[in-house]
Amino acid sequence: MKAIGVGLAEPASTGEELMPALTVREADRSFEWQRWPQAEAFVGRLIAGGVEGNRFATGLAARLPAETGTALPVWVDHLVITGGGSLERTLAGLGYEREAIRHPRGGTVHAHRGGLFPRIVVLPDAGAAGEEGVGEVAEVAIKVESVADFVRAHDLGLEVVGQPMGPYRTATVPGEATSFTALERRAYRGFEPFPGDLARDGRMRPQAARDALAALDLWRARRRRFDDDGEGIRATRATLERAIELAGDRDLACHLIFQAEREYWQSRNLAARVQKERQDRLGLGWANHDHHTFRCSRRSFPDIMAMFIRLGFSLRERFHAGRHAGWGAQVLEHETTGIVIFADLDLAPEEATQDFARHRLEDLPRPSTVGLWVALHGESILDAGMHHLEAQFEFDALKEGLEEEAGIKTMAPFSDFPFLRQAFTAGERWPVSRARADRALAMGYISDAEHAKFLRDGALGSHLENLQRREGYKGFNQQAVSAIIAATDPRLH
């Protein structure tokens, strides 16, 4: 197999020439995400070289765009390559940082904090340099939701390494020059199948899988519909504590809870079910998720953020899209699981600089788009479920595939840059309960005509979001998000 050459990176582009400046509060300047075109090109060469050395990987990469609307790079969890110290210096120049994580083969682990790129494991230099000097891919590892499902989907007949419901499970397809591994992670960033809470024989405790399944089922079966949302939030917090207790670890509880949240959202969105089936045909699941969007009331927002923080999330950037946008958002990220949340709420013009994630806001006299959605459907953490899941795709391939396979239309893109393309599928219309419609009417949120319309026709509920990222860009196009939020206001449909 051809060796992969390396070179020092040029400075990363900021994207200012193509994207309007984001309105991020002053304290969040560290989250003005850059673009990393040189890192993308370098990692792309590594992936291409690795795929070239494995016949199965070559075939899978060719099938993905047409059958799932995705490309192989979005599934790559990590690469294992040779190269030694010279390669480590190159990675540092591309924005990678060394992690304090042990790899079983003695390699060093490198992660890119500023961009969305797979981790790279550099094996000790064995003295074999390729024709361009450094770097040969030994393994390409992709992330899937279930390794067993992946093995079954491709009729590979491989034995899965790792305990059921364990933190790290793998199945490897040997290649001519490169190994190709499918792996599933549960709240674990390492590379060994039995870390953490072990029995004396070095394996997971027998009851660990049972307890994890109990935590998952607890969240799946929890009550979501309450007459009073405040009561619902309190009950949900109690269930969350019990889920953490059962899982034995808050990071694992986070992984399981968001698995259940995706299932609930999927049950209420046709585009989600169609796309999940397409990805499941190749045994992939939702391992390409980018972020989970929750719509929240102003009054409950700090309580909901507190639950996410309890699960181990950190607060990332906070948005307010201008005085007249009518909305704001808090982005949260979970380092261990990689889960990202985009939490929306209504905001008044004078609230742009307030820390709404921690300080409660009173209800507005008349809600904007997010507040009305919550009034009609409920809190996302309760009966409404997520507004949308955004996963990483090949933008045009997904759009064409959904329409061809199930007649699912895609709205006009609200970001259309070379490094960021975003669009919602046509909204799923949900029925509106009389109790919620009557309450919204009594509060003056809607007119008599809107009340009748929502009871008769329902209101827009959820979407699947088609996202294509390039150059490792982690951010969001805030002005465009404002436009699409306004376009999905229930009063307009």
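In the predicted model, Phe258 is buried, with a relative accessible area of 1%, and Phe308 is likewise buried, at a relative accessible area of 3%. Because Phe258 belongs to helix α7 (residues 250-267) and Phe308 to helix α9 (residues 301-310), the pair ties together parts of the chain that are 50 residues apart in sequence. Both rings are also members of one aromatic cluster, which comprises Phe258, Phe294, Phe308 and Phe313.

In soluble globular proteins, nonpolar side chains tend to be buried together. The largest nonpolar core of the model contains 54 residues, and the members that touch the most others are Phe258, Phe308, Leu311 and Phe313. Two or more residues are given to this core by each of α5, α6, α7, α8 (270-280), α9, β11 (340-346), β12 (388-392) and α11 (395-406). The largest share, eight residues, comes from α7, the helix in which Phe258 lies.

Helix α6 (229-247) is also among the elements that line the second largest pocket, together with α10 (369-377) and α12 (434-442), each of which supplies at least two residues of the lining. The volume of this pocket is about 610 Å³, and its lining consists of 26 residues, of which Asp229, Ser297, Arg299, Asp363 and Glu379 lie nearest the centre. The contribution of α6, at four residues, is the greatest made to the lining. By residue class, the lining divides into 13 charged, nine nonpolar and four polar residues.

Charged side chains are also placed over aromatic rings. Arg224 lies over the face of Tyr264, at a distance of 3.8 Å from the ring centre. In a further case, the charged end of Arg469 is positioned over the ring of Phe476, at 5.5 Å from its centre.

With regard to the backbone, most residues other than glycine have a negative phi. Met165, although not a glycine, adopts a positive phi of about 65°; this residue is located in the loop that connects α4 (147-153) and β6 (168-173). With a relative accessible area of 15%, Met165 falls under the 20% limit and therefore counts as buried. Ala187, also not a glycine, has a positive phi of about 55° and is found in the loop between β7 (179-185) and α5 (206-221). The relative accessible area of Ala187 is 16%, so that this residue, too, is classed as buried.

The C-alpha atoms of Ala48 and Val137 are separated by 9.5 Å, although the two residues are 89 positions apart along the chain. Ala48 has a relative accessible area of 45%, a value that lies between the limits of 20% and 50% and therefore places this residue in the partly exposed class.

Methods:
Residues are numbered from 1 along each chain as its sequence is written. This is a predicted model: local features need pLDDT of at least 70, side-chain atom pairs count only at pLDDT 80 or more; totals for chains, interfaces and linings use all residues. Side-chain values use heavy atoms; hydrogens and water are left out. On a 1 Å grid over the protein atoms alone, a cavity is a set of points where a 1.4 Å probe fits but cannot get out, and a pocket is an open set with protein on both sides within 12 Å along at least five of seven lines; lining residues have an atom within 4 Å of a point. Grid points are joined across faces, edges and corners, and a volume is the space filled by probe spheres set on the points. Ala, Val, Leu, Ile, Met, Phe, Trp, Tyr, Cys and Pro count as nonpolar, Asp, Glu, Lys and Arg as charged, and the others, Gly among them, as polar. Buried means under 20% relative accessible area, exposed over 50%, partly exposed in between (1.4 Å probe, protein chains only). Rings of Phe, Tyr and Trp (its six-membered ring) pair if their centres lie within 6.5 Å; planes under 30 degrees apart count as stacked, over 60 as edge-to-face and the rest as tilted. A charge sits over a ring if NZ of Lys or CZ of Arg is within 6 Å of the ring centre and within 35 degrees of the ring normal. A nonpolar core is a set of buried Ala, Val, Leu, Ile, Met, Phe, Trp, Tyr and Cys residues joined through side-chain atoms within 4.5 Å.
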